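Student: I am new to this structure. Could we go through it term by term?

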Amino acid sequence: MFCIDKAISFVTESDHLKLTADWIHQGKIIIDGEALKCELTPGHKYSILKAYYASAHFTLDEKKALKEKTFENDNSDASKSVAKICDYSLPDAELKEQLWREITDSQTTDSLMELRNKMAGFWQRKQQLELMVPYFEKYYSIVNKIVETREREFVEVFINSLSPAFMAREQDEIAFNELLKRSNDEKEYYTLFLKKQIETIDVTKKSRHLCETFKID
Amino acid sequence: MPAAILLNNDDWGFGYFCLDDDSIKVFEEKLSFINSALNRSVIIGQLIIMMRQLAYPATRMPIVMNQLMEEKNQNLINALNSAFLLAQSTYLPPEAVPKFNKETAAFYFKKAAKET
């Protein structure tokens, strides 16, 4: 179980998603034709289902069938939240646009929990990087307004969950430095966040360079 | 000249250690042959620190991982797994993440099957 537990965090590739989805359908963990003695926990099933939904390799019918199987004896609050995240995570550009509008709508009546679910579904950097790209610039153009006008609890989730800093492009470095220049000490948590993003970009840039140039053979 | 130098044998030392390229290559290929769990842990810990200090590329971490197919020490696997999650979020170029995830998940699946 120890290794299965570790593996789940890294399941994004289509063959692995199919394999783990089959485990849910069959009610047992099978690797290379052999059934393991352990069982998937609800947490494992939720992670597999979320990754399966975000994938572009499966049909909506296949996704719905897996969801039904996952939740067949599970009526918990956690399962309802996961079901929503799944629906919000489909690889669909129009859905992304709609979610972005709803997340950034200052007049929203959604609860913080619902907005969290929407952001969790929206942001799929591991499997939907191309669909995320248009929102990097949108993030930079709206983040100050979000910080100024929305509640801190929402702001903290928004700035952290949807930050494009991991891309570590030249434009990301420029954008975060510009935001830092315009920030003031009134919202110290935001200033600290911006500094942290700039540090992350620096580390990622250097690490990328190392990955590309390191040779010992 | 030895093929590799094991820095901080038995973890007695405290300081800044950095493995040279020749030693890295040997440990990437032969780590599983080191009998002492403590010394395996020292080497893996050193490579993780070097990744964080930008002296060892995150893209090579799966090479180290593949040396641990027979590893029984869960603390050691946990340490490496934490480094993998960090690599995934910060140290790997975004375009390298899918391959990294695939190799890592495949390793754990294979290890899970072996341990049954």
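Predicted model: local features only at pLDDT ≥ 70, side-chain atom pairs only at ≥ 80, totals over all residues.

Tutor: Residues are numbered from 1 along each chain as its sequence is written, and chains are lettered from A in the order in which they are written.

Student: What makes up chain A, in helices and strands?

Tutor: Chain A has 12 helices and 2 strands. Helices (H or I, at least four residues) and strands (E, at least two) are DSSP runs, numbered from the N terminus. The order from the N terminus on is α-α-β-β-α-α-α-α-α-α-α-α-α-α.

Student: Which domains is chain A divided into?

Tutor: Chain A is divided into domain 1 (1-101) and domain 2 (133-217); such bounds come from an automatic or database domain assignment. The centres of the two domains, taken over C-alpha atoms, are separated by 30 Å.

Student: Why is A:Glu170 called exposed?

Tutor: A:Glu170 has 9 other C-beta atoms within 10 Å, so A:Glu170 is exposed. A:Glu170 is found in helix H11 (residues 170-182) of chain A. Of the 217 residues of chain A, 33% count as buried.

Student: What makes a set of residues a nonpolar core?

Tutor: The set must consist of buried Ala, Val, Leu, Ile, Met, Phe, Trp, Tyr and Cys residues joined through C-beta atoms within 7 Å. The largest nonpolar core here has 73 residues, and those with the most contacts inside it are A:Ala7, B:Met51 and B:Ala87.

Student: How do you know that this core lies between domain 1 and domain 2 of chain A?

Tutor: Domain 1 (1-101) and domain 2 (133-217) of chain A both give residues to the core, so the core lies between them.

Student: Which residues is A:Ala7 in contact with, leaving aside its neighbours within four places in sequence?

Tutor: They are B:Ala105, B:Tyr108, B:Phe109 and B:Ala112. Two residues are in contact if their C-beta atoms, placed from the backbone, lie within 7 Å.

Student: How many residues of chain B are in contact with chain A?

Tutor: 29 residues of chain B are in contact with 31 residues of chain A. H5(B) gives the largest share of the side of chain B that touches chain A, 12 residues.

Key. Buried ≥ 20, exposed ≤ 12 C-beta atoms within 10 Å, placed from the backbone.
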